[in-house]
Amino acid sequence: EKGKYRHFMQKEIFEQPTVVAQTLRSYLRPGEQRVALPQIDFDITAIDRITIVACGTSYYAGLVAKYWFEQFARVPVDIDFASEFRYREPILPKGGLALFISQSGETADTLAALQHCKKQGQVIASVVNVPTSSMARESDLLLPTHAGPEIGVASTKAFTCQLAVLAALAAHFAVKKGLLNRNEEAIIVEHLLEAPACLNAALDHDEEIAEMAHLIAPARDVLYLGRGADFPLALEGALKLKEISYIHAEGYASGEMKHGPIALIDDKVPVIVLAPSGPLFEKTVSNMQEVQARGGKVVLISDKQGIEQAGEDCMAVIEMPKVHPLIAPLVYAVPVQLLAYHVAVAKGTDVDQPRNLAKSVTVE
Ligand code: M6R
């Protein structure tokens with residue numbers, strides 16, 4: 001049931017504070033400020049490489065997790081689209097961990113990749129939203145997201161719940177490997193617990209984003225830029241816009257602009273820049289200014305400090321709460337989802353059932 005909402009996608013976007021909190025409850029012990037994962041019966045410290053495989057939005061969640069695993073747990077991560085992974089004869093490390101991410105748990109390519117890794121003797125973990133799914137059943141370690149049924153074809157709440165689980169998992173690895181002490185673990189747990197309130201604060205910008213959508217709706221092409229763990233969000237923003245509004249959109253690592261895509265820039269191509277203030281801010285802003293110098297129309301998504309510093313010449317700004325870099329990918333997912341949603345509404349497309357797409361891709 002859609003309740004007071006016009007579309008399932010809209011309802012699911014607004015459910016995020018609740019379902020992320022619900023998901024985090026199974027992976028954190030707030031009272032003790034500890035990460036608490038389900039029983040893991042293999043030695044985490046012996047895992048020296050993780051292979052992540054997924055498709056679509058779930059793949060982008062995996063890409064964010066790569067930054068986290070490498071930064072916090074110092075574990076190298078290989079990541080690939082399931083459809084590529086299956087056919088490229090990947091070299092799997094002995095005793096490695098293969099991690100599959102899927103809302104449905106039934107995506108054909110991801111499931112086949114899982115079965116391949118199982119045959120190769122990898123430890124199989126999966127982050128899935130449907131606990132009775134094939135992937136859930138075939139995994140050694142099941143890490144469920146508690147997003148509830150996701151009806152909209154465009155994945156939203158499953159994505160932020162996947163990020164919540166993956167952040168907890170990366171922190172768990174870091175703790176087990178002795179890379180986070182008690183105090184640092186407590187700080188990470190505290191930041192993760194702030195996520196639902198920050199998601200709510202991000203949702204408060206709904207009306208403003210609905211108005212802004214009219215600036216984007218006439219565009220033929222849109223670019224999204226981000227850096228570090230927010231780069232996958234640029235990819236995710238572009239995917240959301242493409243699939244429901246049918247506007248051509250691309251996500252780029254902001255530093256890649258000058259290696260080609262900047263040639264596309266003129267005053268008809270809106271550029272959405274995801275730049276929370278923090279260690280990568282200055283670099284992203286300098287890429288943004290290169291875009292502006294060529295007449296590009298920028299929508300800057302940042303916090304108060306970032307907007308004060310760099311918002312002046314932008315076509316529009318969206319102010320996010322100030323967040324720890326760890327939870328920025330969760331929080332910044334909201335404005336890109338809302339922007340895609342409102343552009344699609346403005347264009348009158350079928351938001352919940354976009355053309356040519358199925359909710360669960362069970363064919364190869
Ligand atoms: O069920 P899964 O997470 O395995 O699905 C993967 C993709 O098909 C899915 O994320 C797709 O890209 C969505 N339509 C994105 O919004």
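Here are a few notes on the ligand and the pockets in this predicted model.

1. Start with the ligand. It has 15 residues around it, and S58, S102, Q103, T107 and E243 are the closest. Sorted by class, that shell holds five nonpolar, eight polar and two charged residues.

2. An N or O atom in the E243 side chain is 2.3 Å from a ligand oxygen. A polar side-chain atom of S58 lies 2.6 Å from an oxygen atom of the ligand, and for S104 the distance to a ligand oxygen is 2.7 Å. As for cover, the ligand on its own would expose 410 Å², and the protein buries 90% of that.

3. Where does the ligand sit? It's in the largest pocket.

4. α10 gives the largest share of the lining, four residues, while α3, β5 (97-102), α5 (108-119) and α10 each supply at least two. The lining splits into eleven nonpolar, ten polar and seven charged residues.

5. Have a look at the second largest pocket too, at about 340 Å³. Of its 22 lining residues, A229, D230, P279, L280 and P325 are the closest to the centre. α3 and α11 (281-293) are the elements giving two or more residues here, and α3 has the largest share with four. By class, this lining has 14 nonpolar, six polar and two charged residues.

Key
Residues numbered from 1 in each chain as written. Predicted model: local features only at pLDDT ≥ 70, side-chain atom pairs only at ≥ 80, totals over all residues. Heavy atoms only, no water. Near = heavy atom within 4 Å. Polar contact = N/O pair within 3.5 Å; in protein donor to acceptor, adjacent residues only side chain to side chain. Areas by Shrake-Rupley, 256 points an atom, 1.4 Å probe, with all protein chains shown as cover. 1 Å grid on protein atoms, 1.4 Å probe; cavity = no way out; pocket = protein on both sides within 12 Å on 5 of 7 lines; lining within 4 Å. Sits in = over half its atoms within 2 Å of the grid points. Nonpolar A, V, L, I, M, F, W, Y, C, P; charged D, E, K, R; others polar. Points joined across faces, edges and corners; volume = space filled by probe spheres on them.
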